[in-house]
Amino acid sequence: MEIIFGRNKKEQLEPVRARVTGKIPAWLQGTLLRNGPGMHTVGETRYNHWFDGLALLHSFTIRNGEVYYRSKYLRSDTYTANIEANRIVVSEFGTMAYPDPCKNIFSKAFSYLSHTIPDFTDNCLINIMRCGEDFYATTETNYIRKINPQTLETLEKVDYRKYVAVNLATSHPHYDTAGNVLNVGTSIVDKGKTKYVIFKIPATLPGGRKEGRSPLKDTEVFCSIAARSLLSPSYYHSFGVTENYIIFLEQPFKLDILKMATAYIRGVSWASCLAFHGEDKTHVHIVDRRTRKPVLTKYYTDPMVVFHHVNAYEEDGCLLFDVIAYEDGSLYQLFYLANLNKDFKENARLTSVPTLKRFALPLHVDKNAEVGSNLIELSSTRARALKEKDDQVYCQPELLSEGLELPRINYAHNGKPYRYVFAAGVQWSPIPTKIIKYDILTKSSVEWGEAQCWPAEPLFVPTPGAKDEDDGIILSAIVSTDPQKLPFLLVLDARTFTELARASVDVEMHLDIHGLFIPDAGWDPGKQAPSQEEPAPQT
């Protein structure tokens with residue numbers, strides 16, 4: 001595991017041509033842009049957690065059957081400060097940094113006080129967000145960093161708080177067909193309240209946008225949901241949307257704000273202030289996108305931890321949503337670098353197994369229905385919703401599959417009925433060893449795997465003019481623990497899961513987390529071939 005998780009990776013600043021075996025489809029023209037941690041030690045100091053590592057962007061540019069690779073560390077303020085000091089001086093979620101030991105007691109005391117209300121890191125290592133024509137590296141704090149997707153150059157630093165009152169925000173926004181961005185953040189003790197804020201960043205304005213005006217300046221609060229606890233808001237990583245609704249899970253994986261405020265003084269990380277409360281419920285909040293107000297019915301389910309929503313849609317008066325769920329918060333613990341060692345296999349067996357679950361919620365509850373009765377009559381799922389007193393509904397999910405993570409879908413089906421989930425196969429271990437295509441309809445799956453190969457999140461790209469949901473290709477960056485095998489970009493036929501091509505690169509590639517595919521300008525998925533006249537579609 002040291003090869004994958006512990007070693008710092010070198011940048012590849014100039015594009016290097018990959019060696020392609022097989023044949024890449026002629027229509028596939030664009031750039032796969034990915035993000036993830038690449039540097040885990042600075043000088044003599046070391047991060048505690050894999051998710052703390054400094055962000056390393058990398059890209060695969062695909063044109064005319066050829067592939068070019070490059071990588072570059074995000075030049076965040078965090079990166080710059082650490083490199084200049086040759087030690088970790090900016091705190092991350094699992095690693096608390098402290099003043100230079102050579103500084104006097106007065107400067108140390110000032111540092112302690114300044115950390116009472118922490119200014120979070122801008123080490124944006126999790127995902128890439130598209131906002132209008134701009135691209136941003138994102139993490140889960142209030143900061144995002146604009147980047148150049150061609151050169152991987154780091155541009156301006158953006159503070160969400162200038163546009164919407166959030167201290168934390170997800171790295172998994174949703175996009176509508178017009179390119180508008182919908183996201184969720186947490187506003188901590190703002191005007192005496194802690195709330196979850198759903199906000200919208202419009203891609204365009206009526207009459208057009210002024211030259212150089214950022215879409216972020218037109219961010220608006222879509223809806224707010226009051227947190228059940230003022231000082232213990234829920235942690236969350238993603239959310240779900242359908243045509244008419246937004247699904248937000250307030251799960252019993254909670255941040256203790258008082259502990260966070262004193263973490264620096266007590267010499268502990270912010271991650272130690274995150275705890276799973278197995279005695280609590282998971283509350284399901286539904287927001288009506290038409291009225292911008294929460295649905296009044298109180299839905300809840302058993303305690304669980306969800307990092308990734310898969311998809312959601314409406315069917316016959318019900319709201320169905322699929323998630324990857326864990327029984328507790330042990331997954332986060334496993335990714336401490338101390339646990340990613342020779343005892344990794346044993347440590348991994350102590351974690352909860354990721355399970356693909358389907359929930360079904362009745363959008364209109366019959367007041368005359370008997371207490372204890374099942375309110376779901378759909379033939380398409382075995383999920384149940386039991387009526388309880390005081391307008392509460394207890395939701396029992398259908399278990400679809402186990403051992404899936406990093407799920408992706410054909411995004412044209414986002415918020416709509418769908419059939420296929422493309423995911424990393426993790427089995428008992430949270431480290432991906434396979435790529436899986438799971439068929440929700442038949443409850444069957446096909447997979448790709450190769451000895452000593454570790455795939456990243458699989459990303460679906462549709463064939464131009466495709467009519468079938470799985471008509472397209474899967475892209476995944478593969479690293480290997482075999483020193484004789486170069487890392488490579490894998491290209492699979494999404495329908496058959498047969499390998500079409502691989503592009504091997506003689507570089508130090510890191511295992512990334514999330515990203516997106518940026519089609520070349522002129523590529524229209526509704527046509528059979530790239531055109532030089534049409535603008536690029538929104539992703």
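## Briefing: strands, cavities and a few loop residues

Asn-86 is found in the loop between helix 2 (77-85) and helix 3 (105-114). Its phi is near 55°, a positive value in a residue other than glycine. We're looking at a predicted model, where local features need pLDDT of at least 70, side-chain atom pairs count only at pLDDT 80 or more, and totals for chains, interfaces and linings use all residues. Numbering runs from 1 along each chain as its sequence is written, and side-chain values use heavy atoms, with hydrogens and water left out.

**The chain as a whole**

- The protein chain has 6 helices and 40 strands; these are DSSP runs, numbered from the N terminus, with helices being H or I of at least four residues and strands being E of at least two.
- Of its 539 residues, 57% count as buried (buried means under 20% relative accessible area, exposed over 50%, partly exposed in between, with a 1.4 Å probe and protein chains only).
- Take the contacts in the protein chain with a separation of 6 or more: residues 24 or more positions apart account for 60% of them (contact means heavy atoms within 4.5 Å).
- The accessible surface comes to about 23,100 Å², and 50% of that belongs to carbon and sulfur atoms (Shrake-Rupley method, 1.4 Å probe; for residues, only the protein chains shown count as cover).

- Strand 31 and strand 32 (residues 420-425) run antiparallel and are joined by 3 bridges; Glu-405 stands opposite Ala-424 in strand 32.

**Cavities**

- Searching the whole structure turns up 3 cavities of 30 Å³ or more (a cavity is a set of points on a 1 Å grid over the protein atoms alone where a 1.4 Å probe fits but cannot get out; lining residues have an atom within 4 Å of a point).
- The largest cavity holds about 830 Å³ of space (a volume is the space filled by probe spheres set on the points, with grid points joined across faces, edges and corners).
- Its lining has 46 residues, and the closest to its centre are Phe-51, Ile-126, Glu-140, Tyr-235 and His-237.
- Strand 13 (168-169), strand 20 (253-255), strand 25 (305-315), helix 5 (330-334) and strand 31 each supply at least two residues of that lining.

**Asp-328**

- You'll find Asp-328 in the loop between strand 26 (318-326) and helix 5, partly exposed with a relative accessible area of 26%.
- Leaving aside neighbours within four places in sequence, Asp-328 is in contact with Phe-276, Val-305 and Ser-352.
- Asp-328 and Phe-253 are 75 residues apart in sequence but 8.0 Å apart in space, C-alpha to C-alpha.

**Asp-391 and Gln-392**

- Asp-391 lies in the loop between strand 28 (384-387) and strand 29, and has a positive phi of about 60° although it is not a glycine.
- Asp-391 counts as exposed because its relative accessibility is 52%.
- Gln-392 lies in strand 29 (residues 392-396) and counts as partly exposed, at 21% relative accessibility.
- Not counting residues up to four places away in sequence, Gln-392 touches Lys-281, Lys-298, Tyr-300, Leu-386 and Lys-387.
- Gln-392 and Val-365 are 27 residues apart in sequence and 9.5 Å apart in space, C-alpha to C-alpha.

How values were computed. Pairing = 2+ DSSP bridges. 1 Å grid on protein atoms, 1.4 Å probe; cavity = no way out; pocket = protein on both sides within 12 Å on 5 of 7 lines; lining within 4 Å.
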